[in-house]
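Dear colleague,

Please find the structure below, followed by a summary of what was found in it. I would be grateful if you would read the notes with the model open beside you.

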Amino acid sequence: QVRLVESGGGLVQAGGSLRLSCAASGRTVTDYSMAWFRQAPGKARELVAGISWGATSLYYSDSVKGRFTVSQDKKTNAMYLQMDSLKPDDTGIYYCAADPLRTGSWDSGVWGQGTQVTVSS
């Protein structure tokens, strides 16, 4: 069974950087698709970035394209989100998700507990 634990959130000034980590256990991260979501107060959950199983394709939302980079590392069995040029609108709880059964649905997948990112202006 896949389990996910996020870390790396915190408080940063606008223009700064953070690197989020999503440590996985149970299976190798490249065996399934993974993604980063975020949820700001009072807003719907938003898909921010994703990486397909086998790391054959990447996805970024328009709001983070060019600033965020998603990656995986088989040695650490983790997914990462490098966030640069952060803006106050990037504030929210960031969750990592996995689709180990390859259903194509994040809702039926595995989720981490979330890590808070706060960007001050």
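**The open sheet**

L20 stands opposite L81 in β8. These two residues belong to the pairing of β3 with strand β8 (residues 78–83), which is antiparallel and runs over six bridges. Strands here are DSSP runs of E of at least two residues, and helices are runs of H or I of at least four, both numbered from the N terminus. Two strands are said to pair if DSSP finds at least two bridges between them.

Before going further, please note that this is a predicted model, in which local features need pLDDT of at least 70 and side-chain atom pairs count only at pLDDT 80 or more, while totals for chains, interfaces and linings use all residues. Residues are numbered from 1 along each chain as its sequence is written, and side-chain values use heavy atoms, with hydrogens and water left out.

The pairing of β3 and β8 is part of an open sheet of four strands, in the order β1-β3-β8-β7, with antiparallel pairing. β1 (3–7) and β7 stand at its edges with a single partner strand each, so one side of each has no neighbour in the sheet. From one strand to the next, the twist averages 15 degrees (axes are lines fitted to C-alpha atoms, for helices over the stretch in contact, and angles run from 0 to 180 degrees between N-to-C directions). In general, the strands of a sheet pair through backbone hydrogen bonds, either parallel or antiparallel.

**The disulfide**

A search of the whole structure finds one disulfide, that is, a pair of cysteine sulfur atoms within 2.5 Å. The disulfide joins C22 to C96, with an S to S distance of 2.1 Å. C22 lies in strand β3 (residues 18–25) and C96 in strand β9 (residues 92–99), so the link ties together parts that are 74 residues apart in sequence. The link of C22 and C96 is right-handed, with 60 degrees about the S-S bond. C22 is buried at a relative accessible area of 0%, and C96 is likewise buried at 0%. Buried means under 20% relative accessible area, exposed over 50%, and partly exposed in between (1.4 Å probe, protein chains only).

Strand β4 (residues 33–39) pairs with strand β5 (residues 46–51) in the antiparallel sense over five bridges, and F37 stands opposite L47 in β5. Six residues separate β4 and β5 in their hairpin, where G42 in the turn has a positive phi of about 75 degrees.

β5 also pairs with β6, again in the antiparallel sense, over three bridges; here I51 stands opposite L58 in β6. The hairpin of β5 and β6 has six residues between the strands, and G54 takes a positive phi near 85 degrees.

Where is S61 found? S61 is in the loop between β6 (58–60) and β7 (68–73). S61 is buried, with a relative accessible area of 5%. Leaving aside residues up to four places away in sequence, S61 touches E46, L47 and V48, a contact being heavy atoms within 4.5 Å.

**The chain as a whole**

The chain has zero helices and eleven strands. Buried residues make up 44% of its 121 residues. Of the contacts with a separation of 6 or more, 55% come from residues 24 or more positions apart. The C-alpha trace spans about 40 × 30 × 25 Å along its principal axes.

With kind regards
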